[in-house]
Structures are given as C-alpha cells and as structure tokens.
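Welcome! Let us walk through this protein together, from the whole chain down to single residues.

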Amino acid sequence: MIELDRGAGLEAIAAEVRVCTRCRLHEARTMAVPGEGSPDTEVVFVGEGPGYNEDRQGRPFVGRAGALLGKFLTALGWQREDVFITNIVKCRPPDNRDPEPDEIAACAPYLRRQLEILDPAVIVTLGRHSLGRFMPGERISQAHGTVRPVDPATGAANALAFALYHPAAALRTPDIERTSYQDVAQIPAALLAARARREAAPVAPSSPVPPVPDPAVAATPDPAFLAPSEALAPDDQLTLF
Ligand code: SF4
C-alpha cells in the first residue's frame, strides 16, 4: 500500500473514532485519541488509553509519560514522526481507571484496522493492557525487553511484539525507568530480527505465525539477535522506512 493510501486509510479510521459511541468511554471524553505518526513506519507503539492531557488535545502521549516516550525515541535517534503511536482504547477512562474488558473489546476493531494498514514489523507494547493484546498470558515483569511473534488476528500480518513497561510506571519508579532505557536499547535489534523474519517468511494475514529465528540453532549468527552494541556500530542509526 502506498503512503498516500495508508494515510487516507488511517485518517478515515480516525474520523470514525472521533465520533464513536460504541462504548461508555465516549460519555466523559473531551476528545477521542485515534493515534498519530508516520503512515509508512515499521514500528508502532501501543499504550493503554489516553490520559488527562491526551483527552484535552486529542493526541497520544503528550503529557509527562509522553515526554519520557520522546526521550526513549531520542535515545534511538528516532523522532515521534518516525513511528506510529496509539492506544488500546481511544477514549480516556474516567479518573485514569483501567479500561474494562467490554470497552477494550468495543475498541479493538479500530486498532486491528490501523495495524492492517500499517503492517508494522515491530509493535512496542507499553504496559499491561497492550502486553495482554500482543503477548497474551505474559507478565510485564518477565516479558519486558523481549520479543514474541504477533498473532495475525491482531491485524499485524507479520510482526514481532516487543514489551516495554508503560512510561507512566517508569516515571513512578526510578528502577523501572533505568530498566526501560536498557530495554529500549534492544528495540533496534528487535527491528532487525523482524525484518529478517519478514524477508525469510513473508506471510499472508491468514497464515500461521512463523517462529522467531532461534539464534542458538542458526548455522551462522543472525545479526538481528546480536546485542545492539554488536549488531550496530555505535554511530549507526537504524533508519525507519
Ligand atoms: S473507547 Fe473506542 S469504542 Fe469506546 S467510544 Fe472511544 S473510540 Fe469508541
């Protein structure tokens, strides 16, 4: 899909989201937050739901947690405009409570359709609810900094999920912030692994999930599984398409 078509497709979804009344979260919202970023990116960040500032501005991750997410991207040499940022639910849960299962289910088709258009190589999950969508059954305390193949039923036909703590959790706990910077440094390696996997086994949306290549059994080391410091020269910047 060419960028113009992707952009138009994403804007059509955003227009639906802005007037959506599918679940009770529309009642207290100021603005729905469809998501934003490059229509042609390889990396999509998925958080939980909009907070106070996001609800006011209609944009994802614009408060303090968003500022930290921006620092994470800067650490990689990327900018917000290089990736796509969205949430599991597009309207703010009152008092920042967790979204309810029926609200998550009602909103799920929007994210699925966004991912069908974006066809990302990597989905970076931010926090527990996003982890639950893309790495079901995993615990964030164990899964952070690791990748799993994504079920194509999510809309992402051939992607790896990479788990991060939610930036809001990192703001509350210095240890989690330090860990998150270490995890973020692994994202370029995850992207290289995802690119290699997509080249080796392009899949149609209905095909089974291909496994992540196992570096332990590979005849030659897969650079995608090297630590970022080994996979990329220190001055290299992994360019996103
Ligand atoms: S959270 Fe999603 S399903 Fe619920 S009203 Fe907002 S856009 Fe619609």
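Two residues are in contact if their C-beta atoms, placed from the backbone, lie within 7 Å. Among the contacts in the protein chain with a separation of 6 or more, 73% join residues 24 or more positions apart.

This is a predicted model, in which local features need pLDDT of at least 70, side-chain atom pairs count only at pLDDT 80 or more, and totals for chains, interfaces and linings use all residues. Residues are numbered from 1 along each chain as its sequence is written. The pLDDT is the predictor's confidence in each residue, from 0 to 100. The protein chain averages a pLDDT of 88, and 82% of the residues score at least 70. Two stretches have a pLDDT below 50, as the table shows.

| Stretch | pLDDT | Contacts beyond near neighbours in sequence |
|---|---|---|
| Residues 205-210 | below 50 | 10 contacts |
| Residues 213-235 | below 50 | 30 contacts |

The protein chain has 10 helices and six strands. Here helices (H or I, at least four residues) and strands (E, at least two) are DSSP runs, numbered from the N terminus.

A residue is buried if 20 or more other C-beta atoms lie within 10 Å of its own, exposed if 12 or fewer, and partly exposed in between, with C-beta atoms placed from the backbone. Of the 241 residues in the protein chain, 42% are buried. For an in-between case, look at Asp82, in the loop between α3 and β3 (84-87). Asp82 counts as partly exposed because it has 18 C-beta neighbours inside 10 Å.

Now turn to helix α8 (residues 174-184), where Ile176, Ser180, Asp183 and Val184 are buried. Seen down the axis of α8, these buried residues fall within an arc of 90° (taken from the directions from the helix axis to the C-beta atoms), so they line one face of the helix. The face turned away from that buried side carries the exposed residues Pro174, Asp175, Arg178 and Gln182. The cover over the buried residues of α8 includes α3 (64-75), β6 (160-164), α7 (167-172) and α9.

What surrounds the ligand? There are 14 residues around the ligand (each with its C-beta atom, placed from the backbone, within 6 Å of it), and the closest are Cys20, Cys23, His26, Cys91 and Cys107. Helix α4 (residues 101-118) gives the most to this shell, with three residues.
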